[in-house]
Amino acid sequence: MSLWVLLLATAWGQALVTVTPSAPVVRVGKSVQFAATVTGLAVKSVRWSVGLPVGGKGLPGTISESGLYTPPAVLPVPSTVLVTATSTAMNVANTRVIVSLQNPYPVVASTLPVWVPAGSSTLTVNGSGFVPAAQVFLDGIGVATTFVSATRLTAKVAATVPQLGQQLAVTVTNPAPGGTSSTGVVTVRVGPDTGLARVTTGAARRFLQQAAFGPDTVSMLRVQHLGFSEYLTEQFGTASSPFPDAATLDVSVAPVQARFYTNAVHGKDQVRQRMALALMEIFGGAPAGARSPAQLVPFLRVFQQGAFGNFRQLLYNVTVNAAMGETWDVRNNNKASADGATVPNENYARELLETFTVGPVLLNPDGSVKLNEDGEAVAAYSEKTVRDFAKVLTGWTYATRQGSIPARHNPANYDRALAPFEANHDTSEKVLLNGVKLRAGQTAQQDLSGALDIVFAHPNLAPFLAHRLIAQLVTDSPSRAYVARVASAFTKSGTGTGVRGDLKAVLRAVLLDQEARAGDAAGNWPIAGRETHGHWRAPNVMVPSILRGLEAQVNDTNRLADLVAAMGPGPSVPGDPAPPLWAGPEQAVGRFNGIYALLYDDLGAGVAIDLGPFVNVAGDGRRLAVLIDDIYFQGWMPAELQTELEAVAGGMAGTTLAEKKARAQAALYVALSSGLYNVQH
Amino acid sequence: MRRRDLLRMAVLGAPALRASCPSDYRALVCVMMAGGNDGNNMLVPIASAEGDPLISYSQYAKARGGLAVPLESVVRISAGNGDQFGLHGGLKELGELYNQRKNVAVLANVGPLAEPLTRAEYRGGKGMVPGGLYSHGGQQAEWQAMAGAAFGGVEGCEATEIPLPVWLGGGNGAGLRGGGDSPRMTGVTNLLRVDDGLTMVRGANTLTEVGLAQSRMLEAALDGVEPLTTAFPNTPLGRQLARAARMIQARGTLGVKRQIFLAAIGGFDTHERQLTDQAAALAQVSGAMAAFYQATVEMGVGDQVVTFTASEFGRTLQPCGGGTLGSDHGWGSHHLIVGDAVKGGDVYGKYPAMALDGPDDATGRGVWIPTTATAQYGAALGRWFGMSEEALAEAFPNFESFAGGAPGFLASS
């Protein structure tokens, strides 16, 4: 029987299209993925369409070829739309479902002014998700509100004299359907303006390139509202974006990776996540051995929870993490065999000293290499030291499972930290850094704590870590003075809490330093004497950063990890203490293709990108270039780049919507693939 | 430093012309075994011709204990002087080539050295040692200096005739998407000339320009070229070497006289699980290198292409104990050179005495002080490649100060 006959035969049978979800409720700003099942027809594909019910007014939103529905920015009246799936075989079968739309969640990002005088005044409220009947509340009391746009409301405020000096919470409530209130804690203070830091949009965006996964509008406004320092204070108190519970997942790490990117793009705890990633990279990146959620999730949590803690605690938690232990061979590391033929494993011992904490040679407090009287570098430790650290790290195994008998090598248990098994610990005396000894006869726990104390106390640690953190977040080639200032924040001489190793104080020092902030107002690169300033954007930071600039919507079905992996680690850069060797110019192609995919491909249901704001101005090449400058270059875009973007747009037709979109895509591609963007300034 | 050299070469081009570029074609292909390949299990001693008890399987097996590979698993080979060795069983294909076609050579105990160094000097803290010993980063840089940017300097060749090394591990081989002529690509190309004074932007532009140019050239050159019939293993290294073969295929269209390729394979940092992990990694090396050799024969350049291995260091003879046995970072190790120009079927250099605290041991754990410097290894390859003596002296500093100079595993051109 030919295919055609088969198709005809089944087409005349009971053809049926089933659509799921069958009656969804969708909030503006979110998307929903529809799926259709075709039975009784050989051809299984459907064509999607969306429309308003008879008599409906407004726009119905859009649905992609793959069935991803995106609501309109403003609710139609009534607030329902009809999604239809029609069999592509022939128009004999279709099914229609009713979608109920709800108003978006309102988010308050900032107010202008920040201080309101006693008496009557007008307050501008910036944020997102505002709808025409939205209402502003001050400390829970509704005030007269005027809708300006989805991102701006104005309100009539009447503060009283007794309220002088108080902080009033500013919230916004959207009306039904789906009416909700904003949950952030934006406040205004009552009284005369005392000159709280004024931050330009460009400076706020640049700060967030360093402190976060780049800016989106809400975070930019928030930094402007609070100033850099108070923004960090707020971020220090913001709850962690969660990772999924490994027990609920299958063996694939894909959902964990997807959540990493969802968090990076949308998480409110931007600074925590960025710091966690920076620290994770300093400790060698995601362990190659972490091939399951059970291994990966606890590992990621170590950094998420330790990002704003003390480095000493992080050092311990990293060392006894089970996935780390598996990758670096801390778990099940045996003491020397009785005949001496087999000795403890040096893997973690060497990397801990060489690449995680101290470095191979002695450093000055500003990170420069300390020289002896012959002008030579001085080794920070010897091979014997490495071997003694390896002995310290014996006797640890996976935590004993409940009801099991502790063994020298327990079966894998990733949920908990490694646990000591004393009979497998080398109890001999160890001579560690700078000749400091651990006496014989100590337990595995005592030895590990003692050894990490010695590492933590080593004078190299502050400049070593300072340089590496600056390189992760700000510039690969900081001045010696910058390193010294951050290092002094690590030691208690800094402006921090007076506690050595306080990562909050260290991070403040990295981000608020004059050298980090020097580019905010400059507009012209390079700043005198700092020609080597800059930081190569790693793909795992650059991709979320591009998406945040586009105000993209990302969910847990995204496959951004694959896209990022195909972009490669990027060329090695000067000043990077561990350059990815054997990586060459050909990787440029991988990066270009990754940016191409972001701008041109359908990335599936997990990533929704609306180029609308860029398309809207793409009829005019100059306006398009200026918008790209604002979003991605903080206003310092060199004239040559601006001219080039105008030429790109000018070389393409730009009348129809499709043409304007092509212009926007081309200009963004050219700007984001350029060396000027790939090097974070 | 290597990166700077690369950039400098890209910007300034090849040195001034003095002679004309050789008319024949030659290529060097480096296979980097990243992580530190354990040479002790790759080239297992069986019996020395002179009956040296420290170069014997029993001595090896005693020192290695549970980490020793069984004698019955190795591919038996003989050195020219009658020494008996076993190549790791994972190197089945390369072992066959060694024994049958005699176009595989082994170079024993090679590694970075700053100057000739004795054990007494090392132990006494006297001699100069290379920087970053026992460190992945430090020693990879040393090897990359020898195996990557160093090659070039073939007298009379223009930059178009001897292009920059191609890092095969860097890309996935996919061409540039949307790379055809368009206002967009014009913009991209123009911007490669635009920087704002930051050195990193300049560096990024240069690297990007080289990468895009390589990609474009290859696509153009391979347009309409028949694929090779040689089948490559579908492994990371197999795919990299398959791409190298395609670029060699395009040599005529590209108008190149010399090509340099750098491939990399990971999985050699075997602090644990060495017996299984190293076997898998070496099997991948052997399968891919043997297929690549077949491809050069198919292209008629079997004696014009030399493939050689590199790795940041060897590993300690003394095992370390964890859940499963492994070994720690060492120094000197053994390497393979493949191609019809190779005077193969022989083991060059000096095999170390398999004894802890023995005459070759630097640290007491069976860490071999190299008896051949990487500079010598590189000079031998570079000389065959056609580098001038001045270029050799610059690329491989002091190579002649080491005993024996450049080893003779390649027929001199």
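This is a predicted model: local features need pLDDT of at least 70, side-chain atom pairs count only at pLDDT 80 or more; totals for chains, interfaces and linings use all residues.
**View 1. Arg312(A) and Asp453(A) join two helices of chain A.** Here is a salt bridge whose closest N and O atoms lie 2.7 Å apart. Arg312(A) belongs to helix H7 (residues 311-319), while Asp453(A) sits in helix H11 (residues 444-457). The two partners are 141 residues apart, so this pair links distant parts of the chain.

**View 2. Arg350(A) meets Glu346(A) in a salt bridge.** The N to O distance for this pair is 3.1 Å. Arg350(A) has a relative accessibility of 3% and counts as buried. Glu346(A), at 4%, counts as buried as well.

**View 3. A network of salt bridges takes in residues of chains A and B.** Step back from the previous pair and you will find its partners again here. Glu346(A) and Arg350(A) are linked in this network with Glu383(A), Asp328(B) and Arg365(B).

**View 4. Arg26(B) pairs with Asp24(B) in chain B.** The closest N and O atoms of this salt bridge are 3.0 Å apart. Arg26(B) is buried, with 13% relative accessibility; Asp24(B), at 29%, is partly exposed.

**Overview. The close-ups show examples from a longer list.**

Definitions and conventions. Residues are numbered from 1 along each chain as its sequence is written. Chains are lettered from A and ligands numbered from 1 in the order in which they are written. Side-chain values use heavy atoms; hydrogens and water are left out. A salt bridge is a side-chain nitrogen of Lys or Arg within 4 Å of a carboxyl oxygen of Asp or Glu. Helices (H or I, at least four residues) and strands (E, at least two) are DSSP runs, numbered from the N terminus. Buried means under 20% relative accessible area, exposed over 50%, partly exposed in between (1.4 Å probe, protein chains only).
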